[in-house]
Amino acid sequence: MEEKYETLKIQQESPNSGVFNLIINRPSVSNALGLNFFSEFPKVLNALDQNPTVAVIVLSGSGNHFCGGIDLKSLAAMADDNSGDQGRTSERLRRKIKFLQDAITAIERCRKPVIAAIHGACLGLGINIVTACDIRYCTKDAIFSVKEVDLAITADLGTLQRLPGIVGFGKAMELSLTGRRFSGDEAKELGLVSRVFGSREELKEGVRTIAEGIGGKPPLAVVGTKAVLIRSRDVNVEQGLDYVATWNSSMLLSEDLTEANSAQKQKRKPTFAKL
Ligand SMILES: CC/C=C\C=C\CC(=O)SCCNC(=O)CCNC(=O)[C@H](O)C(C)(C)COP(=O)(O)OP(=O)(O)OC[C@H]1O[C@@H](n2cnc3c(N)ncnc32)[C@H](O)[C@@H]1OP(=O)(O)O
């Protein structure tokens, strides 16, 4: 956790808190992100996931924006060199795209909940990132755009796969084909965010309270809920039920169950061992 990163900053909300802020940290370029982000992000998420002190991760942006999208200055370099024949060039590019995708999917691989707190611009790559997050909140002045189409890119890092499940197929198609900008209020109307806050300060405080609330819940059930919901999204009901039956048959009988029940009966705050 002591390591320094070029594109990210980690801050524990307060001493003893299980809430950790993961901050996109390239404010001079509106948190536009290049290749180094894709190397750092999964490493940091994995470190947070493995750290038993961490219960919930809040992802936000430093400066004026959440994320201005892919770093346009590094986009050409990311498209790779053209050495070798067409087949080899294409296969290299395919591997690179899979590497970028994998960095975003690290959010879903992380057992702990990841909450996006969005202010200012959240464009292109920003949408890929937040649609992989477990919960999203934003400020009223947040601006969203599935911008890839305007850059002659078919969005390929998760937006087209995850957005339909969040806002519905038709809305996802409309937003992705037009690339139009939409506001925090519309994001709420669409179901992209769960709540809109009046200011950045209110967003920070509101999300902190929600994250601390989740962080105080039985950790095995929190991790299980995330894992089972993500799996259920991708399989049919029967397969999802089968998955949760196996999950709970191995993890339901924990000290958390006893503690949650006792605390409820004794009308006291429960305390759970870290995960
Ligand atoms: C394999 C491909 C994988 C992923 C592909 C993803 C596709 C995308 O992400 S599409 C989205 C691309 N992003 C954009 O088109 C955004 C362009 N920028 C803007 O619209 C605005 O700059 C803004 C983000 C809304 C911020 O506006 P404002 O607050 O008025 O500040 P500015 O003065 O415009 O910008 C400040 C500073 O940031 C630099 N910057 C902003 N965005 C990017 C970017 N995407 N890449 C590189 N740099 C960016 C901008 O140039 C300014 O820097 P200066 O040095 O002062 O010029």
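**Helix packing and ligand surroundings in a predicted model**

Helix H3 and helix H4 (residues 125-132) pack at an angle of about 25°, with their axes 8 Å apart; axes here are lines fitted to C-alpha atoms, for helices over the stretch in contact, and angles run from 0 to 180 degrees between N-to-C directions. This is a predicted model, in which local features need pLDDT of at least 70 and side-chain atom pairs count only at pLDDT 80 or more, while totals for chains, interfaces and linings use all residues. Residues are numbered from 1 along each chain as its sequence is written, and side-chain values use heavy atoms, with hydrogens and water left out.

**H3 with H4**
- H3 and H4 are therefore roughly parallel to each other, a term for angles under 35 degrees, whereas those over 145 count as roughly antiparallel, 65 to 115 as roughly perpendicular and the rest as oblique.
- H3 passes H4 in a right-handed crossing, meaning that the near helix is turned clockwise from the far one by less than a right angle, with anticlockwise being left-handed.
- Ile 104, Ile 107 and Glu 108 of H3 make the contact with Leu 125, Asn 128, Ile 129 and Ala 132 of H4, where contact means heavy atoms within 4.5 Å.
- The residues of this contact divide into five nonpolar, one polar and one charged; Ala, Val, Leu, Ile, Met, Phe, Trp, Tyr, Cys and Pro count as nonpolar, Asp, Glu, Lys and Arg as charged, and the others, Gly among them, as polar.

**H1 with H3**
- Helix H1 (residues 35-50) packs against helix H3 (residues 86-109) at an angle of about 25°, and their axes are 9 Å apart.
- H1 and H3 are therefore roughly parallel to each other, and H1 passes H3 in a left-handed crossing.
- Among the residues that meet are Phe 38, Phe 41 and Leu 45 in H1 and Phe 99, Ala 103 and Ile 107 in H3, and by class the contact has 12 nonpolar, one polar and two charged residues.

**Around the ligand**
- Of the 20 residues around the ligand, Ser 30, His 65, Gly 68, Ile 70 and Leu 125 come nearest, a residue being near if one of its heavy atoms lies within 4 Å.
- A polar side-chain atom of Ser 30 lies 2.9 Å from an oxygen atom of the ligand, while for His 65 a polar side-chain atom lies 2.7 Å from an oxygen atom of the ligand.
- A backbone N or O atom of Leu 72 lies 2.9 Å from a nitrogen atom of the ligand.

Key:
A polar contact is a pair of N or O atoms within 3.5 Å; within protein, one must be able to donate a hydrogen and the other to accept it, and residues adjacent in sequence count only if both atoms are side-chain atoms. Helices (H or I, at least four residues) and strands (E, at least two) are DSSP runs, numbered from the N terminus.
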